[in-house]
Amino acid sequence: MTDQTEPEILKHTDFSKLGLDPSVVEAVKTAGYSQPTEIQEHAIPPALAGKDVLGIAQTGTGKTASFVLPMISTLNKGRAKARMPRSLVVAPTRELASQVAQNFETYAANSNLKMSLLIGGVSFADQLAKIDRGVDVLIATPGRLLDHFERGRLLLSGVGILVIDEADRMLDMGFIPDIERIFSLIPPPRQTLFFSATMPSEIERVINQNLSNPVRVEVTRRATVSADIVQLFLTIKPTRRDQAFKEKRALLRRKLAEFDNEISNAIIFCNRKSDVEILRKSMRAHRIGCSALHGDLDQSVRTRVLDDFRKGDIRFLIASDVAARGLDVSNVSHVINFDVPPHSEDYVHRIGRTGRAGRTGKAITICLPADERHMEAIEKLIGHKIDREADEGETKTGSGQKNRQRTANSVQQKDVAASQKEPRKPRGAKARSSREKGSMRWKTMLSEWAITYRNS
Ligand code: AMP
């Protein structure tokens, strides 16, 4: 699996030759695209002909337009009925569903089609009002879709086109039973456009059972990383195993201070949601403004955090892999892997968030000795070695206290995610907790001095 910063464009053909509705071709042009990508060239004609399509392609190939454009062309010929959507796109995460919805809005600019986005964490009322009025395109995550269905507010029998996007991601997230249920609720005749970056056997089984003689379009690429991304493995040998995460946090703070002038913004990836929260709290305790993005947060918070990051109001976004796939933020200067991802494909996805749209980017990965196996797997996947730099700790760089101060002073930022603030505590508790915090900080400093002393 790869993540391309820009999709590969086919120079020899153009959108007007694919059989799309002229209003769609016009909207695509307005969006700035004149030539289709490989997946678009091969998936759009059979999709327009009403055939089932199996697209093996990942984010970054232009796959969203490869199903959205023919859908709009086909749906332009009919009208929506109340509570009976005419087409359904199912995506694994709220962010990906929102992105499909954004694509739809761009490409349907010259159509009168109505769209509704059904994702968790957003009020039912607005979603229901839209569905009641009738929608042509429903874009949903599996859980919220089935929720609406079970409340009897939605009829799926009118769905003529069903799109399943990022099926392998659905498998990772345990959504395959939901997908099978959705298939069973939308009986043939229906057209199915099915997309997956990989083909595990479970996905093949679902395809064999639910698609009818699909046209298979595969866009395979070697796992390449944009040449505009400078990559670095920053290795650290913790003084004690149980201190590893604490020392990684201290190292991160030092690096943020060291690169302060060159970092305009950064996504800092952790492997676990719980570690995202721990790191967010720790950075805030060190007065480094940051926000978190992971699957356990309310949708309203996730949307706001992402918007604010896009706008530049958030400088440091600490994220789990939910943010790595498919998110189209074009100006991230740094990606920092606080943890080495155990799946090397995730490394490519993560660092693909920087160096986009012709810009340069930097990807720094903090590595423990135990990560060696995963580091080698990453190098094997991308086909070249990554420069390594051993962290020398605070003593040898002489940066400890000074950098801590610089970090605190220079990297502060607007705290946008109000709902991510720590809950208010009763007065006594608050006083106690700040005393505790003070003593914690002393303990941290003392232990850091102890490490420094041991190292010197
Ligand atoms: P996707 O794989 O659908 O996530 O698309 C990745 C990026 O490619 C998005 O920013 C799209 O807007 C962009 N894109 C889609 N189609 C084209 C095209 N034909 N030419 C250039 N860029 C495109």
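In what order do the strands of the open sheet stand? The views below are of a predicted model, in which local features need pLDDT of at least 70, side-chain atom pairs count only at pLDDT 80 or more, and totals for chains, interfaces and linings use all residues. Residues are numbered from 1 along each chain as its sequence is written.

**View 1. The open sheet has 7 strands in the order 3-4-2-5-6-1-7, with parallel pairing.** Strands (E, at least two residues) and helices (H or I, at least four) are DSSP runs, numbered from the N terminus. Two strands pair if DSSP finds at least two bridges between them. Strand 3 (115-118) and strand 7 (215-218) are at the edges with a single partner strand each, so one side of each has no neighbour in the sheet.

**View 2. Strand 5 (residues 161-164) pairs with strand 6 (residues 191-196) in the parallel sense.** The pairing runs over 4 bridges. Leu-162 has Thr-192 of strand 6 as its bridge partner.

**View 3. Helix 3 (residues 63-75) packs against helix 4 (residues 94-107).** Their axes are 10 Å apart, at an angle of about 50°; axes are lines fitted to C-alpha atoms, for helices over the stretch in contact, and angles run from 0 to 180 degrees between N-to-C directions. Residues are in contact if their C-beta atoms, placed from the backbone, lie within 7 Å. Thr-64, Ala-65, Val-68, Leu-69 and Ile-72 of helix 3 meet Val-100, Asn-103, Phe-104 and Tyr-107 of helix 4.

**View 4. Helix 8 (residues 176-185) and helix 9 (residues 201-210) cross at roughly 5°.** Their axes come within 11 Å. Ile-176, Ile-179, Glu-180 and Phe-183 of helix 8 make the contact with Glu-202, Val-206 and Asn-210 of helix 9.

Definitions and conventions. Two residues are in contact if their C-beta atoms, placed from the backbone, lie within 7 Å.
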